[in-house]
Amino acid sequence: MQSSSEATTLLPSPPLRDLALALDLDRAGGPVALDPARLILVGSAPSADLRIGDPTVSARHARIGGDGRGMMVEDLGSTNGTYVDGVRVQRAWLAPGMRLGLGGFQATVVAQRAAPPPRLVNPPGMIGSSPVFQDMLARLRKFAGLAQAVLLRGETGTGKELAARALHGEGPRAAGPFVAVNCGAIPEGLFESELFGHVRGAFTGAARAHVGAFVRAHRGTLFLDEIAELPLGLQAKLLRVLETRRVVPVGGEAEQAIDVRVVSATHQPMERLVAEGRFRCDLYHRLSVLAVEVPGLADRPGDIPELLAQFATELAAEFGRPVRLTEPGLRAAAARRFPGNIRELRNILLRAAAIHDGPLGPLELFPAPGPAAAAGSPADALAVPRGTYAAMHRSLLELVVREAGSIRKAATQLDVPRSTLSAWLKDEAA
Ligand SMILES: Nc1ncnc2c1ncn2[C@@H]1O[C@H](COP(=O)(O)OP(=O)(O)OP(=O)(O)O)[C@@H](O)[C@H]1O
């Protein structure tokens, strides 16, 4: 099993079978619990279970955790090696007090309280029993007990905010506040005040002091949605707050200590933004110590009937009349793609149920496009009286933007660049 001449295969000490261990990474947030039932991947790659953004750590550096006999570390052919108490190892049993070296990165193995048995009930509002969704829930449950930052990645409407709430609600901070900030919806000039607060008179219009999101989230969780939208200048300030765990409100001088777990979310390719210099590399690593991929509906079409059944129950309660789907309706939905994911699925059912009283089949759920859209040729479209068509077109665009929550999200759902949608809205307004 020895893979290189200088690597020891297994240290002679016997495995400590029943002892729950954690890794103290010498950074804010406390030790990371190790799973006694699974070896997790540690490395600098974004896909690693435990990411360590250190240049001496390989992308897939080592596996750490329980292998059924005891807790161990196993080097995965890393460039700079894995060390236990200074000895380069291929595989080694772990015990409390050991110094673990991953390249030049040092951590200490510590004992920890045994983890409570995992809850097998889905967190509130999160429907889905497909393996890919259940895997994600299992990961959320594990991460809920930790203090490190979590980055949730997934397409729009996949349930990232619900996942953030689950991380909060299933963890030790559940009794504290959950504060959500949508970085895509804050005008650039207000970011700093929104996150860190401002004192009275800090700037023109600041007639009253404002308590920032970080302070409101003290002893709880701060959810930073659409994190990629954070302007570069603010990124540096956010990094400083995360490192010092202190905030100073705009226009103020007194620092305030904060104890906040940050969960952020994005649907953007963060590595590309980092490579293009649009997102700070250091902040990205800081925010994504732990990462969770939230699967889109395309990855779990088997969950669509279950989701529709739940939404139908909720809508029936809201409308005060039964909302039922036919078998062909369910089959048609399960076979369709929903770029807006669960939000789109729910809206489709809502529209159909609002219009039709009877059982909802494919025709009610997915009606054919109206005559204007079906007419086809541009000449036909131009035949619609200009005023009426423009007004209708504009109100449709506005409806889409309203439903999506922002022009950017609407553009994603319509699969057009944001600039195009903005131009359309301007044209129609003219
Ligand atoms: N697993 C789920 N079961 C039932 N409903 C869900 C589930 N996931 C999400 N939803 C519902 O779908 C809608 C969108 O969810 P959410 O806002 O959490 O998505 P998101 O990924 O944060 O979206 P965005 O990226 O656009 O901010 C909400 O109405 C939410 O309640």
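Predicted model: local features only at pLDDT ≥ 70, side-chain atom pairs only at ≥ 80, totals over all residues.

Me: At what angle do α1 and α2 pack?
Reply: About 40 degrees, with the axes of helix α1 (residues 131-144) and helix α2 (residues 160-169) 8 Å apart. That makes α1 oblique to α2; angles under 35 degrees count as roughly parallel, over 145 as roughly antiparallel, 65 to 115 as roughly perpendicular and the rest as oblique. Axes are lines fitted to C-alpha atoms, for helices over the stretch in contact, and angles run from 0 to 180 degrees between N-to-C directions. Helices are DSSP runs (H or I, at least four residues), numbered from the N terminus.

Me: Which residues make the contact?
Reply: Leu140, Phe143 and Ala144 of α1, and Ala163, Ala166 and Leu167 of α2, contact meaning heavy atoms within 4.5 Å. By class, the contact of α1 with α2 has 6 nonpolar, no polar and no charged residues.

Me: Now α8 and α9. How do the axes cross?
Reply: The axes of α8 and helix α9 (residues 327-334) cross at roughly 125 degrees and come within 9 Å. α8 and α9 are therefore oblique to each other.

Me: And what meets what there?
Reply: From α8, Ile304, Pro305 and Leu308 meet Leu330, Ala333 and Ala334 in α9. The classes in the contact of α8 with α9 are 6 nonpolar, no polar and no charged residues.

Me: Is isoleucine 304 buried or exposed?
Reply: Isoleucine 304 counts as buried, at 1% relative accessibility. Buried means under 20% relative accessible area, exposed over 50%, partly exposed in between (1.4 Å probe, protein chains only). Isoleucine 304 lies in helix α8 (residues 304-319).

Me: What does isoleucine 304 touch, leaving aside neighbours within four places in sequence?
Reply: Leu297, Ala333, Ala334, Phe338 and Leu345. The C-alpha atoms of isoleucine 304 and isoleucine 342 are separated by 8.7 Å, the two being 38 residues apart along the chain.

Me: Switching topic, how many disulfides?
Reply: A search of the whole structure finds 0 disulfides, a disulfide being a pair of cysteine sulfur atoms within 2.5 Å.

Me: Cysteine 183, buried or exposed?
Reply: Cysteine 183 is buried, with a relative accessible area of 3%, whereas cysteine 281 counts as partly exposed at 39% relative accessibility.

Definitions and conventions:
Residues numbered from 1 in each chain as written. Heavy atoms only, no water. Helix = DSSP H or I, 4+ residues; strand = E, 2+ residues; numbered from the N terminus. Nonpolar A, V, L, I, M, F, W, Y, C, P; charged D, E, K, R; others polar.
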